[in-house]
Amino acid sequence: MIRLALQKSGRLGEESLALFQKAGIDIPQSGRKLRVTATNFPLEILFLRSSDIPEIVSDGAADMGICGQNILKESEQENLQEIRPLGFGKCHLMMAVSKKNADIYSSDFLSGKRIATSYPKTVKDFLHIKNISAETICLSGSVEIAPTLGIADAVCDLVSSGETLAVHNLIPVETLLTSEAALFRRKTPLSEKTLEDLLQRLDSVLQAKNLKSVTMNVSKSSVEKISNLLPGLESPTIMPLAKEDWVALHSVVSEDKNFWETMKKLKKAGAKGILISPIDRVLL
Ligand code: PRT
């Protein structure tokens, strides 16, 4: 049984549970329970505050955890190891200053100033690397309001859309780190077989994220031309059709920036009835 710590409520907890569900791991609705066991996989989930997750894993109360890379970095727990970035909860930890200071900003601006943040260790590392001496004001939330209250000259906080900074008349001037949700473990042994099974299931969902199953009817004479247009995982599957001289071609195509251009080219080359379907999971 693997014990995994997850955010109790909030953006990362919800997306993590959705990922497990897509991977075919059934986790009962927790309600007020802080500890639940998956019904079809040897996995126990502990629901915690994000900032407590690294320490709980580091201390051995859980084997693995999911939290933002920002929290993992701030925790400075040396016996933890990131296993997978999970592709959600993306954000940047940014330094921001008021509009009037943004134009004159360089890192040296921070010298002798007060910086409000919920990430004091990451900020101290940043200042140390830049060889700047500044004071950090540690707040657990609502960091953006600190300059208006006159208790800080700059803030260092997470940014995704940038709207919160804008509302507080703050301009992002420097990125300390980029972050997304990540699965991590303690560096001590745990059931490698169960871990491998868990990773295989999660990877099957993560790798399928941008893949589409594409099927189309094509005349036998255009099979080669159309096959060459299909950037699939392997060569396309060709299936016979009742209609003479026609076949169905199936391939798996990544939905990247060229996807719709490729679909247009397939149509132009004579492909008919192109079916595009999502793929839940793929084992590569
Ligand atoms: O509730 P709990 O104690 O578990 O932690 P929490 O209060 O930090 O939870 P939550 O859900 O807010 O954040 C959990 C994790 O989500 C963070 O540790 C990040 O890894 C990730 N994440 C991604 C974010 C954001 N984007 C984000 N925008 N966490 C917080 N924000 C906040 C930010 O602090 C700021 O106040 O959103 C505001 C800025 O958003 P924009 O869109 O206006 O730029």
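Strand β1 (residues 2-7) is largely enclosed by the rest of the structure, because 5 of its 6 residues are buried, where buried means under 20% relative accessible area with a 1.4 Å probe and protein chains only. This is a predicted model, in which local features need pLDDT of at least 70 and side-chain atom pairs count only at pLDDT 80 or more, whereas totals for chains, interfaces and linings use all residues. Residues are numbered from 1 along each chain as its sequence is written, and side-chain values use heavy atoms, with hydrogens and water left out.

**Strand β1 and its partners**

- Strands here are DSSP runs of E with at least two residues, helices are runs of H or I with at least four, and both are numbered from the N terminus; two strands pair if DSSP finds at least two bridges between them.
- With strand β3 (residues 43-48), β1 pairs in the parallel sense over 6 bridges, and I2 stands opposite L43 in β3.
- Strand β4 (residues 64-68) also runs parallel to β1, to which it is joined by 2 bridges, and here A5 stands opposite G65 in β4.

**The open sheet**

- An open sheet of 4 strands has the order β13-β14-β12-β15, with antiparallel pairing, and its edge strands, β13 (237-240) and β15 (272-278), each pair on one side only.
- From one strand to the next the twist averages 20°, with axes taken as lines fitted to C-alpha atoms (for helices over the stretch in contact) and angles running from 0 to 180 degrees between N-to-C directions.
- Strand β12 (residues 211-219) pairs with β15 in the antiparallel sense over 5 bridges, and S213 stands opposite S277 in β15.
- Helix α10 (residues 259-268) packs on the sheet and touches β12, β14 (246-254) and β15, its direction making about 155° with that of β15; contact means heavy atoms within 4.5 Å.

**The largest pocket**

- A pocket is an open set of points on a 1 Å grid over the protein atoms alone, with protein on both sides within 12 Å along at least five of seven lines, and its lining residues have an atom within 4 Å of a point.
- The volume of the largest pocket is about 1,200 Å³, a volume being the space filled by probe spheres set on the points.
- Its lining has 39 residues, of which S50, N70, I71, Y119 and L158 lie nearest the centre.
- Elements that each supply at least two lining residues include α1 (11-22), α5 (120-130) and β9 (154-159), while the largest share, 4 residues, comes from α3.

Terms used: 1 Å grid on protein atoms, 1.4 Å probe; cavity = no way out; pocket = protein on both sides within 12 Å on 5 of 7 lines; lining within 4 Å. Buried < 20%, exposed > 50% of the residue type's maximum accessible area, 1.4 Å probe, protein only.
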